[in-house]
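These are my notebook entries on a structure that I examined for the first time. I set down what I looked up, topic by topic.

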Amino acid sequence: MSGPTRSGFVPPAERRAERLVLAAFGVTFLSGTALLILYLLGGQTQLEGILLTLCLGGLGVGIVIWAQRLMSAEVKVEARHPIGGDRRRIAELGDVLTEEAGFTRRTLLIRALGGALAGLGAALAIPVFSLGPAPGRALYETSWRPGARLAVAGGQPLRPDDLPIGSLLTVYPEGDDSDPNAATLLIRIEPELLRLEGEAAGAAPDGYVAYSKLCTHAGCPVGLYRAADHRLICPCHQSEFDVLTGATPVSGPAARRLPQLPIRREGDTFVAVGDFPTPVGPSFWNMGGG
Amino acid sequence: MLRRSLRPSPGRGRPPSREERERAAGTADEAPPPTELERLGIWLDRRTGIAGVARTGLRKVFPDHWSFLLGEIALFAFLILVATGTFLTFFYVPSAALVPYEGSYEPLVGHEVSAAFDSVMALSFEVRAGLLMRQIHHWTALVFVGVIVLHLARVFFTGAFRRPRELNWVVGFVLLTLALAEGFTGYSLPDDLLSGTGARIAYSAALSIPFIGPWVASLVFGGEFPTDALISRFFVLHVMLLPGAFFGAIAVHLAFVVFHKHTQYRGGQARETNVVGRSFWPSQVFLSTGLFFLTAAVMALLGGLFQINPVWAYGPFEAAQVSSPAQPDWYVGWLDGALRIFPPFEPTILGVTIPSAFIPGVVLPGILFTIVAVWPFIEARFTRDDREHHLLDRFWEHPGRTATGVTILTIFGILTLAGGNDVIAFYFAAEIEALTNTFRLLTLVVPPLAFAITYRLCRTRRDRADEPDEPFAGRTPGRGGVALRRTAAGGFEDVEP
Amino acid sequence: MALAAGVVLALVAGRVTPASGAEASAAQVTRSEAAALYLQNCASCHGQQGEGVASAAGPPLIGVGAASVDFYLRTGRMPLGAPGQRPQRQDPAFDEAQILGLIDHVVSLGGGGPEIPQVRAGGEVRRGWELYTANCAACHAATGAGNAVGGGNVAYGLSEATDVQIAEAMLIGPGVMPRFALDDPDRDAIIAYVGFLRTAESPGGAPIGGFGPVAEGFVAVFVGLTLLVAVSRFVGRQTHEGEPESALPGEPSP
C-alpha cells in the first residue's frame with residue numbers, strides 16, 4: 001500500500017479507493033463552490049446547509065477512505081510503562097517533602113496561618129457580595145400599595161365590563177410598571193361559586209378575585225386558565241390552582257396557594273386594599289420573616 | 001539522522017558542486033532527496049528542538065475501535081461550537097437595554113425589545129448565513145451533550161475508569177457539568193420568552209436553598225428576578241469563563257490519555273502491558289481529521305434542515321408572560337421532569353420551610369451527580385481492586401457495575417421523558433395528571449427492576465464462562481506475565497518476568 | 001341565485017349574518033326541518049326546549065347565542081357521538097343550510113346571546129402579536145401549535161381555525177377556554193396575527209411540530225446521535241476486538 005510500483009502497476013482495490021477519494025473531493029469542491037455562489041446570490045438556509053454538508057462530508061469521506069485503504073494498515077505493538085510505583089523515586093519524594101523546612105511541628109504558626117487565611121477569605125468576599133443587593137425586603141413586597149388602581153400594563157384602569165364572566169386579565173398597579181413581580185391575575189367568576197373564607201371573602205367583590213400571577217413552585221407566570229372548572233395552570237411544571245377556594249394547589253408540585261391581592265370596588269374601577277399578605281413567587285426558607 | 005547532503009559544508013564560500021556532493025554522499029545514486037514533509041520537520045527542529053518528541057509522539061500507537069471515537073467526536077463538537085460561537089459573538093449584543101425592533105420580522109416591528117434579542121433577530125433575518133450559523137451552533141450544543149453521555153457510558157461499561165484513570169474520569173465529569181452549564185447559559189442569551197422562563201426557574205431553584213438561598217440567588221442574578229444583569233453575566237460565563245475552564249479541562253483530559261495511553265479491548269495481541277493498534281502518524285491523524293469533517297457535516301445537516309429555537313415566534317422575554325409548552329433544552333430535561341413529578345412536599349421544620357422545588361431541583365441532582373463523579377472510588381471500595389487496568393471489560397463481566405449504570409441511565413431517561421409530559425399528553429391524547437402519576441410510578445418501580453434484570457442477565461452470561469461468584473469482581477485480566485521493552489534502536493525485546 | 005335567495009332570507013330573518021366563505025346549498029332548510037334536525041341530533045343531551053339534560057352532561061342552550069351554535073357546528077365539535085365524550089375538532093356533521101337552520105332554531109329557543117361576529121380583514125399584525133402573546137400563547141403555544149391544558153383538555157392548534165371561528169371562540173369561551181372581551185380592532189388584530197402564524201414559513205427548516213425543545217431533543221438524540229454513531233462505525237471500522245487471542249513473539253501459544 002505504498003503507491004504505484006516501479007512499473008506503475010496499481011492493484012484494482014487501490015484504484016477503486018483512489019477513485020472514491022477523487023469523487024469525494026470532487027463533491028467537496030463542487031458543493032463548496034456552489035455554496036459560495038448561492039451565498040452571493042442571496043443565500044437560503046436549507047440549501048446552504050445541504051451544500052455545506054456535502055462540502056464537509058466529501059472531505060471527511062475522502063480523507064477517511066484514503067487513510068483506511070491507501071495507507072499502511074500495519075498493526076503495531078507498543079509497550080506500556082508502569083504508572084508510578086517506583087519505590088526509589090517515591091522514597092526520594094518522601095525525603096524531599098519531609099525535609100525540615102520550618103513547616104512541620106510549628107503548630108502555633110500553622111494555626112495562625114489558618115486564621116490569617118480566614119481573614120483573607122473575608123476580604124476576598126467583598127467583591128462577591130457586591131454582585132447583588134442583600135435580599136432585604138424585596139422578596140416580601142411588591143409595588144402594590146393601598147389605593148392603587150388595577151390596570152392593564154401601560155393602560156387605563158380596568159372597568160368591570162372589561163371582564164365578562166369566565167374571563168381574566170393580567171393587571172398591574174396603574175401607571176407603575178416598575179415591578180414585574182406585581183403581575184396579578186384578575187378573574188371574574190359567578191359570585192355564588194366563590195368559596196373563600198374569612199377576610200379573603202371580603203377581598204373579592206362581586207365575583208372579581210385577584211391572585212398573584214407568579215407560581216409558588218418555581219416562579220413561572222401561571223398563564224393558563226380553564227374557565228369551565230376554574231383552574232389556573234402553570235405551564236412550567238403543570239401545577240394547578242383552584243380559583244374558587246383561594247388558589248389552593250390541587251394538582252402538580254406546587255404546595256402553597258397563590259397569594260390573593262385584596263381588592264375592592266371603587267366606582268367604576270378596582271382598587272387594591274394593600275399589598276399581598278404573603279410573599280409572591282416561589283417559596284423560600286423564611287417566608288414568615290416578613 | 002540528518003542526510004549528509006544537507007549538512008552544512010564547513011567553511012566554503014560557495015555551495016558544493018554536484019560532483020562534490022556526490023563524493024560526500026559516498027555514492028552517486030544513494031539516498032533520495034528529502035520530501036517536503038521531511039524538510040518541514042527539519043526546519044522546525046532547528047528552531048524548536050522538536051525532533052525527539054515528535055518522533056516518539058508520531059509513532060505512538062492508538063488502539064482502534066469505533067467506540068473510542070466518541071470522545072473525539074465530543075472534542076470536535078466543542079471545536080465546532082467555538083468556531084460558530086465566535087462568529088455569533090461578533091454580532092450578539094449582551095445587553096438588556098431596550099431598543100425598538102426595526103428588522104424584517106413584521107409582527108415585532110416597533111415593539112421594544114432588549115438589544116440582545118434584537119441582535120439575535122438580526123442574526124436570524126438580516127445577516128446572510130446568520131441563521132445557518134445560529135442553528136448549527138445550537139444543534140451542535142444539543143448533540144454535544146449526547147455524545148459526551150455516550151462516551152461516558154462507553155468508559156463506564158468497559159471499566160476504563162479504574163486505576164490509573166480515576167482522576168481522568170473526574171475531569172470528564174467536570175467536562176460534562178461544564179457542557180450543561182454552557183448550554184444553559186447559551187440558550188438564555190437570546191433573551192426570548194422561553195429561555196427567560198427557564199432562567200426564572202434556575203433563580204427559583206437557587207432561592208429554594210435553606211438559609212443561603214435568597215443570598216445565593218441575589219448574588220448570582222444581581223438582585224430579585226428579573227434583572228438587567230442576567231444577560232451580561234450569562235454572556236461572560238458563556239463566552240469567557242466556561243470556555244476557559246473547558247480548554248483547561250480538555251487539556252488535562254487529553255494529557256492524561258497521552259500519559260496513560262489509551263485502553264484497549266481484549267483480543268489479538270492485546271495485553272495489560274502493551275498497546276496494539278495503529279500509529280498516530282499517518283493513520284490516526286488522517287482518520288481523526290476525516291472524522292472531524294464528518295462530524296461537522298452532520299452538524300451542518302441538522303443546522304440547515306431542522307429549525308431550532310425560533311426566537312421570533314417566542315418573542316422577547318417579558319416577566320409576566322409565558323408560552324407553553326415550556327421546556328428547557330433536552331439535556332436539562334431530566335431536571336424539569338424531576339420538578340414536574342415530585343409531589344407537593346413543602347414542610348416547615350423548626351421554622352425553616354423546605355420549598356417544594358428544593359428536593360427535586362437541588363438535592364436530587366446533587367446526589368445523582370455526586371455518585372457519577374466519584375464512581376471509580378465507590379467501585380474500588382466494593383471490588384477492593386486497586387491494580388492497574390488497561391484492558392477493557394466486557395460489560396457483562398461486572399454485573400454490579402453494569403446494573404448500576406443501567407439504573408442511573410434509566411432514572412435520567414424516565415425523568416427526561418417526564419419533562420415533556422404535557423407535549424406527550426397533547427400528542428397522544430392522554431391526560432396530564434394520569435401521565436404524571438404514571439411517571440411517578442415508573443420512577444419508583446422501573447429503576448430497581450432495571451437493576452435486577454440487568455444484574456441477572458449479566459450474571460447468567462458471565463457464569464456461562466465459569467467465573468468465581470463475586471458480583472463486582474471481573475475476570476482475571478489478560479494472560480499477563482510477558483513484558484516487552486523498547487530498545488534504544490526502536491525495536492522490541494522480551495524481558496524475563 | 002340560490003345564494004342570493006339565502007342571503008336575503010337570512011337578512012330578513014334578522015338573526016344571522018352570512019358566515020364568510022359560505023356555500024349555500026340549493027335547498028334551504030325550513031323551520032320544521034331544522035326543528036326535526038334538532039330533535040334528532042341535539043335534544044337527547046340538550047333537551048327538547050334547550051333546557052339541558054343533567055344526566056347526559058348536556059348544558060342548556062338557552063342564551064348561548066348564534067355565535068356558539070355556529071362555532072360548535074362548523075368546527076364539528078357538535079354533535080357528539082355519545083354523551084360525555086370530549087368535543088374535538090372534526091369535519092362538520094351538517095351542511096351549510098342545515099347549520100344555518102339549526103342556528104335559527106336554537107336562537108329561537110330564547111335567551112339572546114352573542115351574535116356571529118363580523119370580522120374585518122386587515123387587522124394590525126403587530127398589535128395582534130402583543131395581544132396573542134399576552135393572552136393566548138400560554139395555552140395555544142407561541143407557534144399556534146396548541147398544547148394539553150390538563151384535566152384531559154386540549155387547547156387546539158390554530159392552523160385550521162377560520163377568522164370567524166377565532167372571533168367566536170374568544171367571544172364565547174368554548175370548552176374550558178376563557179372568554180375575552182376585546183373591542184373589534186383588538187379582536188381583528190389577533191385574528192390577523194393567527195393568520196400570519198398559519199401562513200408563516202419556517203426559515204430555519206422543518207418546524208418539527210412547533211413543540212420546541214421536546215421535539216428538538218428527539219431530533220438531536222435520534223437523528224444526530226444515530227448519524228454520529230454511524231459515522232464512528234464507518235471511520236473506526238478496523239479493530240481487533242473479538243479476534244481470538246494470538247501470541248506475541250516470545251510468548252508460548254495460547
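This is a predicted model: local features need pLDDT of at least 70, side-chain atom pairs count only at pLDDT 80 or more; totals for chains, interfaces and linings use all residues.

The entries below follow the order of my reading.

Entry 1: I then looked up the domain assignment of chain A, which gives domain 1 (12–70) and domain 2 (150–289). The C-alpha centres of domain 1 of chain A and domain 2 of chain A lie 60 Å apart.

**Entry 2: a residue in strand S3 of chain A.** I turned to A:Val171, which belongs to strand S3 (residues 168–173) of chain A. Is A:Val171 buried or exposed? I recorded 0% relative accessibility for A:Val171, and the cut-off for buried is under 20%, so A:Val171 counts as buried. Leaving aside residues up to four places away in sequence, I listed its contacts: A:Val171 touches A:Trp144, A:Leu150, A:Ala151, A:Val152, A:Leu158, A:Ala182, A:Ala183, A:Thr184 and A:Leu186. I also checked A:Val171 against A:Gly32, 139 residues away along the chain, and found their C-alpha atoms separated by 55 Å.

**Entry 3: a hairpin in chain A.** I examined strand S8 (residues 240–242) and strand S9 (residues 248–251) of chain A, which pair in the antiparallel sense over 3 bridges. Within this pairing, A:Asp242 stands opposite A:Thr248 of S9(A). The hairpin has 5 residues between its strands, and A:Gly246 takes a positive phi near 85° there.

Entry 4: Which value does phi take at A:His230? It is near 55°, a positive value in a residue that is not glycine. I located A:His230 in the loop between strand S6 (224–226) and strand S7 (231–233) of chain A. With 11% relative accessibility, A:His230 counts as buried. B:Ala129 is in the loop between helix H5 (115–125) and helix H6 (130–157) of chain B.

**Entry 5: helix H5 of chain B.** I next asked how many residues of H5(B) are buried. The count is 8 of its 11 residues, and the helix is thus mostly covered. The buried residues include B:Phe117, B:Val120, B:Met121 and B:Leu123, as well as B:Ser119 and B:Ser124. Among the elements of chain B that cover them, I noted helix H4 (69–89), strand S2 (98–100), strand S3 (112–114), H6, H10 and helix H12 (311–314).

**Entry 6: cis peptide bonds.** The bond from B:Phe225 to B:Pro226 is cis, with omega near -5°. B:Pro226 is placed in the loop between helix H9 (213–221) and helix H10 (229–260) of chain B. In chain C, a cis peptide bond joins C:Met78 and C:Pro79, with omega about 0°. I found C:Pro79 in the loop between helix H4 (65–74) and helix H5 (96–108) of chain C.

**Entry 7: cavities.** I searched the whole structure and recorded 7 cavities of 30 Å³ or more. The largest cavity has a volume of about 90 Å³. Of the 13 residues lining the largest cavity, those closest to its centre are A:Val280, A:Gly281, A:Pro282, B:Tyr203 and B:Glu224. I divided its lining by residue class into 8 nonpolar, 3 polar and 2 charged.

Methods. Residues are numbered from 1 along each chain as its sequence is written. Chains are lettered from A and ligands numbered from 1 in the order in which they are written. Side-chain values use heavy atoms; hydrogens and water are left out. Domain bounds come from an automatic or database domain assignment. Helices (H or I, at least four residues) and strands (E, at least two) are DSSP runs, numbered from the N terminus. Buried means under 20% relative accessible area, exposed over 50%, partly exposed in between (1.4 Å probe, protein chains only). Contact means heavy atoms within 4.5 Å. On a 1 Å grid over the protein atoms alone, a cavity is a set of points where a 1.4 Å probe fits but cannot get out, and a pocket is an open set with protein on both sides within 12 Å along at least five of seven lines; lining residues have an atom within 4 Å of a point. Grid points are joined across faces, edges and corners, and a volume is the space filled by probe spheres set on the points. Ala, Val, Leu, Ile, Met, Phe, Trp, Tyr, Cys and Pro count as nonpolar, Asp, Glu, Lys and Arg as charged, and the others, Gly among them, as polar. Two strands pair if DSSP finds at least two bridges between them.
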